[in-house]
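Biologist: Please show me the model, and let us then go through it in questions and answers.

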Amino acid sequence: MRFAPQWISLVGVCLFIGVACTPPYTITPPPSFKRFEQSRDFRYITADGVMLKAREVDNYPRGELEFWTSALKLHLDERGYVFKSETCFKTEGALDGCTLIFLLPHGAEDWVFGETVYVVDDTIYLIEVAGPFERYAKVADELTQAYKTFDPHH
Amino acid sequence: MIWSKHGLAGSAMALILLGWGMPCPAGEKPAQQEAPKESAETVQPNTHRRAALEARLVLKVIRVDKVRDVLLDEVKRLGGFPLLIENSQLILKVPPSGLTPLLKVAADQGWALNKSFQRQDLDLEITKLERRIASKQKMLDKLRAFFDDSDVAATLRIEREMVSQVQQLESLKGQLKLLLDRVRWARITIVFNFQRRDRIVDAHSPFEWVNTANLNQFLTEY
């Protein structure tokens, strides 16, 4: 059985798109969050508007987890964000991660802004969450559990 | 005007005494006026310093009404009382020994942020006021003694001065009461929302991606 070249190309494109459309990590989303299906990125939201997303940045200049969490904490502190907590943990796959939680006034409300940082070789993975305090507080425990399920593909 | 012998002497004595009791502008008080005629035992240093305690915190909670009730119950249990109850804040007064337990209970109710604690030593200020009050009281007692030997004119003059002295004495007592009240009750302000809305400012990190980690960018890119 022979495949026409155009079929091979199509399968190739599909495979490429499939790979390209898959984030280079997996994470079990918290149960209260639903995914934005139209986005290729990891973007989830609760019914009352707490937003969760993930992104990657270059680990440049190359630094360890402690270095980047310190830099982030210092920077947001300088900006006037109120530091609430830093929680460092190990994922189920034994990867080190740290979650920084800040509070800040946003409009008439007080919002939570959280950054969870993982450092894997040349890449820094960031899981960011934001939402009004009262709504965030309801899902805080779910998020903590979800952060532990993060697993980079490498 | 001719004063009787006793009247003149009484008035003169009264004026000398009054001179001691007159308040001086701050920073100009001569050393001998600081503590007039004090015996050695009255200047013994206090081993227990009297201080005013104040604490303030931003407390983020989900149910403000529920937490407010918990805190008010705790204040009552500690022997204190609320000074102000609002939806957005509480101002509470408790005995100084109750300050730490109350802060702990508050912190257990939610996220305790922006904590500040202030201890102001009022011992010197209180001691000065106490001495001035004692001094004025003695002076009034002495002035009263002159009534017996004074004529009408001198009596009126002494009485006028005594009224003035009593007013000053009451004012000092009021100041002392205020300070002693601050020592007796620690004051705690608990606010449930940030009160300064303009606290977020621009700052630049030398690390490019760190500059992208903030709420505005998050919302823009979401």
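This is a predicted model: local features need pLDDT of at least 70, side-chain atom pairs count only at pLDDT 80 or more; totals for chains, interfaces and linings use all residues.

Biologist: Which residue of chain A does Asn211(B) touch?

Modeller: Asn211(B) is placed in helix H7 (residues 208–211) of chain B; helices (H or I, at least four residues) and strands (E, at least two) are DSSP runs numbered from the N terminus. Contact means heavy atoms within 4.5 Å. Not counting residues up to four places away in sequence, Asn211(B) touches Ala203(B), His204(B), Ser205(B) and Gln217(B), and from chain A His75(A).

Biologist: How many residues of each chain are in contact, and what area is buried between chain A and chain B?

Modeller: The contacts join 46 residues of chain A with 31 residues of chain B. Buried area is the accessible area (1.4 Å probe) that two parts lose on being put together, summed over both. Carbon and sulfur atoms give 69% of the area buried between chain A and chain B, which is about 3,500 Å².

Biologist: Which residues of chain A lose the most area to chain B?

Modeller: Three residues together account for 19% of what the side of chain A buries. They are His75(A), Arg79(A) and Phe133(A).

Biologist: How many salt bridges are there between chain A and chain B?

Modeller: A salt bridge is a side-chain nitrogen of Lys or Arg within 4 Å of a carboxyl oxygen of Asp or Glu. Asp110(A) forms one with Lys60(B), their closest N and O atoms being 2.9 Å apart. Between the two chains the count is 3.

Biologist: Which element gives the most residues to the side of chain A that touches chain B?

Modeller: Several elements of chain A each supply at least two residues to this side, among them strand E7 (109–120) and helix H3 (133–147). The contribution of 8 residues is the most, and its source is H2(A).

Biologist: Where is the kink in H3(A) centred?

Modeller: The bend at a residue is the angle between axes fitted to the seven residues ending there and the seven starting there. In H3(A) the kink is about 50 degrees. The buried residues of this helix include Phe133(A), Tyr136(A) and Val139(A), and the kink is centred on Val139(A).

Biologist: Which residue of chain B does Val112(A) touch?

Modeller: Val112(A) is found in strand E7 of chain A and counts as buried, at 0% relative accessibility. Leaving aside residues up to four places away in sequence, Val112(A) touches residues including Phe133(A) and Tyr136(A), and in chain B Trp111(B).

Biologist: How far apart in sequence are the parts that Arg55(A) and Glu128(A) tie together, and why?

Modeller: The two side chains meet in a salt bridge (3.1 Å, N to O), and both residues are buried. Because Arg55(A) lies in strand E4 and Glu128(A) in strand E8 of chain A, the pair ties together parts whose separation in sequence is 73 residues.

Biologist: Which residues are linked in a network of salt bridges with Asp121(B)?

Modeller: Asp121(B) forms a salt bridge with Arg49(B), with closest N and O atoms 3.0 Å apart. Asp121(B) is partly exposed at 35% relative accessible area, and Arg49(B) is partly exposed at 40%. The network links Asp121(B) with Arg49(B), Arg50(B), Asp123(B) and Glu130(B).

Biologist: By what helical distance are Arg144(B) and Asp141(B) separated?

Modeller: Their side chains meet in a salt bridge (3.0 Å, N to O). Both residues lie in helix H5 (residues 123–146) of chain B, 3 residues apart, so their separation is about one helical turn.

Methods: Residues are numbered from 1 along each chain as its sequence is written. Chains are lettered from A and ligands numbered from 1 in the order in which they are written. Side-chain values use heavy atoms; hydrogens and water are left out. Buried means under 20% relative accessible area, exposed over 50%, partly exposed in between (1.4 Å probe, protein chains only).
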